[in-house]
Amino acid sequence: THRLLAFSRRQPLDPRPVRANPLVASMEDLLRRTIGERVELELVLAGGLWLTLCDPNQLENALLNLVINARDAMPEGGKLTIETCNAHLDDAYAARLRDVKPGQYICICVTDTGTGMDADTIAKAFEPFFTTKPIGQGTGLGLSMIYGFARQSNGYAKIYSEVGEGTTFKLYLPRFRGSVEGEEELPQLNEAHATHAGEIVLVVEDEPVVRGLIVETLNELGYRAIEAADGPKGVDILRSKKRIDLLITDIGLPGLNGRQVADAGRAVRPELKVLFMTGYAENAALASGFLEPGMTMITKPFAMEALATRIRSIIEG
């Protein structure tokens with residue numbers, strides 16, 4: 001799969017000069033939503049932070065994975081700190097580590113006050129499928145994916161932890177000495193994305209954070225959103241008498257997958273418009289004739305502005 005390729009360091013990345021501080025800051029709302037009210041979040045972003053060269057989408061994924069792990073380690077609540085700083089790994093330090101080059105790096109440090117890990121757990125933490133979570137609560141690919149991302153980016157990842165004290169995860173990414181040419185303004189939601197017709201959109205997504213973010217965005221833009229946490233609930237809504245102008249569904253739902261949900265919906269609503277969200281390579285699905293007329297796809301991770309633009313084009317199309 002996509003994630004296993006990342007661990008084997010063959011997942012294609014799109015490295016570019018990245019300013020880590022604005023990237024971290026732009027994720028603050030999502031991260032707060034992810035950890036919930038029982039965990040306090042503090043961002044400590046260093047002034048004068050160097051540029052790094054990495055795939056910004058994968059960096060966002062890595063940070064979100066680390067925050068989810070930290071949240072799960074603090075079931076009773078606690079504090080989560082995300083820090084950035086410039087770091088120099090000297091020859092002596094690098095020599096003690098495999099495949100680590102001495103030099104200048106930026107460091108993104110995620111610290112929780114959770115349950116912590118013992119030495120055996122730390123030693124296995126980067127292995128694919130290793131997990132301390134109960135069955136059904138994690139694939140064990142999160143940290144291995146982050147490790148793969150760090151190595152592919154010529155960086156380094158390190159865990160410090162003590163049982164009962166908490167965990168610090170440090171992600172080192174190499175300093176980039178060039179400049180960011182023609183920096184693009186981040187797209188913003190605006191009036192062009194909004195609707196005045198109050199179309200009704202059904203969102204089927206099993207990850208509560210993602211679902212909540214999409215529903216909130218839809219509501220802000222004037223749509224009326226209905227949400228379902230799994231395929232069967234989505235199908236029940238589609239089989240009801242409710243008006244549905246668009247179905248947005250994750251493809252990789254557990255149980256009934258997104259395509260099965262869409263097919264069940266079209267059995268009773270032949271004209272139903274569908275937007276699939278997928279983390280898999282878009283071309284693979286398209287090549288097999290996956291999409292029928294009135295169906296389209298958007299690949300995670302995506303900006304909410306890109307989603308809003310796609311929704312408008314589907315509904316107006």
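Reader: Is the crossing of H9 and H10 right-handed or left-handed?

Author: This is a predicted model. In it, helix H9 covers residues 231–238 and helix H10 covers residues 258–268. Where these two cross, the handedness of H9 and H10 is right-handed.

Reader: Which residues of H10 make the contact with H9?

Author: From H9, the contact takes in Gly231, Val235 and Leu238. By class, the contact of H9 with H10 has five nonpolar, two polar and no charged residues. On the H10 side the residues are Val261, Ala264, Gly265 and Val268.

Reader: Why is H9 described as roughly parallel to H10?

Author: Two packed helices are described by the angle between their axes and the distance between the axes. For H9 and H10 the axes are 9 Å apart. Angles under 35 degrees count as roughly parallel. H9 is therefore roughly parallel to H10, as their packing angle is about 10 degrees.

Reader: At what angle do H3 and H4 pack?

Author: Helix H3 spans residues 28–35, and helix H4 spans residues 56–72. Their axes are 9 Å apart. H3 is roughly parallel to H4, and their crossing is right-handed. The angle between H3 and H4 is about 25 degrees.

Reader: Which residues in H3 meet H4?

Author: H4 brings Leu63, Leu64, Val67, Ile68 and Arg71 to this contact. By class, the contact of H3 with H4 has seven nonpolar, one polar and one charged residues. The residues in H3 that meet them are Leu30, Leu31, Thr34 and Ile35.

Reader: Why is H3 called oblique to H8?

Author: Helix H8 runs over residues 208–220, and its axis is 9 Å from that of H3. An angle over 145 degrees would count as roughly antiparallel, and 65 to 115 as roughly perpendicular. H3 is therefore oblique to H8, as the two pack at about 130 degrees.

Reader: How many charged residues are in the contact of H3 with H8?

Author: Leu30, Arg33 and Thr34 in H3 meet Val209, Leu213 and Glu216 in H8. By class, three of the residues in this contact are nonpolar and one is polar. Arg and Glu count as charged. The number of charged residues in the contact of H3 with H8 is two.

Reader: Is Leu221 buried or exposed?

Author: Leu221 is found in the loop between H8 and strand E9 (224–228). Buried means under 20% relative accessible area. With a relative accessible area of 7%, Leu221 is therefore buried.

Reader: What distance separates the C-alpha atoms of Leu221 and Thr195?

Author: Leu221 and Thr195 are 26 residues apart along the chain. The C-alpha atoms of Leu221 and Thr195 are separated by 6.2 Å.

Reader: Where does Asn154 lie?

Author: Phi of Asn154 is near 60 degrees, a positive value in a residue other than glycine. Asn154 is exposed, with a relative accessible area of 52%. Its place is the loop between helix H7 (142–152) and strand E6 (156–162).

Reader: What percentage of the residues of the chain count as buried?

Author: The chain holds twelve helices and twelve strands. It exposes about 16200 Å², of which carbon and sulfur atoms supply 51%. Of its 317 residues, the part that counts as buried is 45%.

Terms used:
Residues are numbered from 1 along each chain as its sequence is written. This is a predicted model: local features need pLDDT of at least 70, side-chain atom pairs count only at pLDDT 80 or more; totals for chains, interfaces and linings use all residues. Side-chain values use heavy atoms; hydrogens and water are left out. Axes are lines fitted to C-alpha atoms, for helices over the stretch in contact, and angles run from 0 to 180 degrees between N-to-C directions. Helices (H or I, at least four residues) and strands (E, at least two) are DSSP runs, numbered from the N terminus. Contact means heavy atoms within 4.5 Å. Buried means under 20% relative accessible area, exposed over 50%, partly exposed in between (1.4 Å probe, protein chains only). Accessible areas come from the Shrake-Rupley method with a 1.4 Å probe; for residues, only the protein chains shown count as cover. A crossing is left-handed if the near helix is turned anticlockwise from the far one by less than a right angle, and right-handed if clockwise.
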